[in-house]
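Colleague: Please take a close look at one packing contact in this model. Then set it against the rest of the complex.

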Amino acid sequence: MSERQSMSTAERVTFTAAVGILVILAGSIFWLWAQPREPAIVTVAPSGDRRVTDSQTYVTARVRNSGDDTARAVPVRAELTVDGEVVAEGEQTIDFLSGGESERVGSSST
Amino acid sequence: MQRSQSLPSPPAGWSTEIRDHVRGAMGGMLFGIPLLFTLEVWGIGAAATPLAMFCVVVAMLVLAALLVHTGGFRASIERTLLGVLREAIEAVAVGVVAAVGVLVLLREITLASPLADALGKVVYEAAPFAIGAAVACHLFVRSRDEVDGEMAASDDRGSAGGTVADMGSTLVGALFVAFNIAPTEEVPRLASSSSPPVLLAIAAASLLVSYAIVFEAGFGDQASRREQRGFLQHPITETAVAYLVAVLAAAGMLFFFGVLHAGDPWPLVLNHVVVLGLPAAVGGAAGRLAI
């Protein structure tokens with residue numbers, strides 16, 4: 001490493017930008033810290049996109065975490081009922097669902 | 001890339017400053033890309049508490065300062081504590097910007113992402129990028145003997161044989177980096193959420209990063225690479241052909257692991273290949289510098 005003379009304009013600008021980025025990052029973290037946090041609240045609602053092609057039925061649903069904490073390994077189970085009898089079922093697992101996040105899941109059955 | 005060791009250096013102008021930061025960003029890419037394709041890191045980041053995020057940022061700064069003391073991304077640096085701290089802050093900022101850019105490109109962060117989710121992912125993914133930036137000057141350092149040997153062999157590298165050697169190095173580098181990523185579920189997940197404009201952006205970013213690593217960041221013996229006159233060894237054509245090699249390597253790996261199968265529809269193949277093409281292109285660029 002060698003000795004440096006004083007900072008140039010370019011160096012000042014890039015250093016100021018770097019400090020600005022870290023201040024925004026740290027500020028956002030502290031803002032999150034100050035917010036009250038609710039545990040994960042997961043709800044599932046059919047999204048209404050059910051369609052039937054040939055012998056297959058496709059059903060989609062939207063899974064939403066309206067809490068603040070992240071929900072891990074969320075199982076979503078779907079059943080196809082015909083005349084009161086369950087003829088098919090499917091299950092998907094969402095690995096991570098962050099607070100405020102919603103995810104669309106789909107299931108198909110023959 | 002080796003830092004200036006002796007004479008006092010003048011303050012950097014814009015061109016030096018931009019080149020130094022490109023070097024830092026590309027060092028981050030080389031170090032951080034494999035971790036960017038790790039679903040568990042996205043999950044850990046999304047589930048992180050603000051306290052954990054803050055601790056990671058502080059740890060990043062401390063680690064970057066320690067690494068900058070011997071490595072760094074600038075061609076020259078102040079010997080003082082303030083100089084080291086300044087470069088460490090910039091290395092972390094470069095890591096944050098690079099991580100945000102790639103996470104947005106891969107649609108892991110969108111305008112619909114909750115703040116906590118996006119912030120956690122950025123903080124955890126920025127860590128390897130910052131480490132890569134903080135050691136950028138130590139990446140692909142050549143000893144004087146190696147440089148002398150390369151100069152003696154420069155005639156050979158300017159021939160068609162040099163082009164074949166470059167493409168071979170690209171293939172080896174692409175395999176080295178992307179082979180670990182190809183069989184994972186991250187590739188289908190990212191591919192399924194990539195629309196045509198996103199795929200175009202990923203391809204453009206792959207080309208840009210590959211070009212910057214080999215021809216702009218100052219890694220290895222960049223000057224002699226720019227002077228090569230072999231078939232397809234102009235920086236632009238070499239970058240394009242190397243990307244093609246990386247993409248073909250990505251396709252081969254995806255078929256090898258059974259992620260793709262013969263008869264799959266071509267849009268599905270294209271999605272997967274372009275997504276895996278990004279780490280393959282970064283690995284390919286590293287291969288051309290290293291081998």
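Modeller: A packing angle here runs from 0 to 180 degrees between N-to-C directions, along axes fitted to C-alpha atoms over the stretch in contact. The model is predicted.

Take helices H3 (residues 50-70) and H5 (residues 115-134) of chain B. They pack at an angle of about 5°. Their axes lie 9 Å apart. Angles under 35 degrees count as roughly parallel, so H3(B) and H5(B) are roughly parallel to each other. On the H3(B) side, the contact uses B:Met53, B:Val56, B:Val57, B:Met60, B:Leu63, B:Ala64, B:Leu67 and B:Val68. H5(B) brings B:Leu119, B:Gly120, B:Val123, B:Tyr124, B:Ala126, B:Ala127, B:Ala130, B:Ile131 and B:Ala134. Sorted by class, that contact has 16 nonpolar residues and one polar. It has no charged residues.

Next, the domains. The assignment for chain B gives domain 1 (14-138) and domain 2 (144-290). Across the boundary, 14 residues of domain 1 of chain B are in contact with 22 residues of domain 2 of chain B. Helix H1 (residues 14-36) of chain B supplies the largest share of the domain 1 side, eight residues. By class, that domain 1 side holds ten nonpolar, one polar and three charged residues.

How far can you trust chain B? Its mean pLDDT is 84. At least 70 is reached by 82% of the residues. Among its elements, H12 (residues 235-256) of chain B has the highest mean, at 93. Helix H6 (residues 144-152) of chain B has the lowest, at 50.

A:Ala71 has A:Leu97 of E5(A) as its bridge partner. A:Val76 is bridged to A:Gln92 of E5(A). E4(A) and E5(A) form a hairpin with two residues between them. In that turn, A:Asp83 has a positive phi of about 55°.

Confidence in chain A averages a pLDDT of 82, with 91% of the residues at 70 or above. Helix H1 (residues 9-34) of chain A is highest, at a mean of 93. Strand E6 (residues 102-109) of chain A is lowest, at 74. For the complex, the predictor gives an ipTM of 0.78 and a pTM of 0.79.

Key. Residues numbered from 1 in each chain as written. Chains lettered and ligands numbered in written order. Predicted model: local features only at pLDDT ≥ 70, side-chain atom pairs only at ≥ 80, totals over all residues. Helix = DSSP H or I, 4+ residues; strand = E, 2+ residues; numbered from the N terminus. Parallel < 35°, antiparallel > 145°, perpendicular 65-115°, else oblique. Contact = placed C-beta atoms within 7 Å. Nonpolar A, V, L, I, M, F, W, Y, C, P; charged D, E, K, R; others polar. Pairing = 2+ DSSP bridges. pLDDT = per-residue confidence, 0-100. Domains from an automatic or database assignment.
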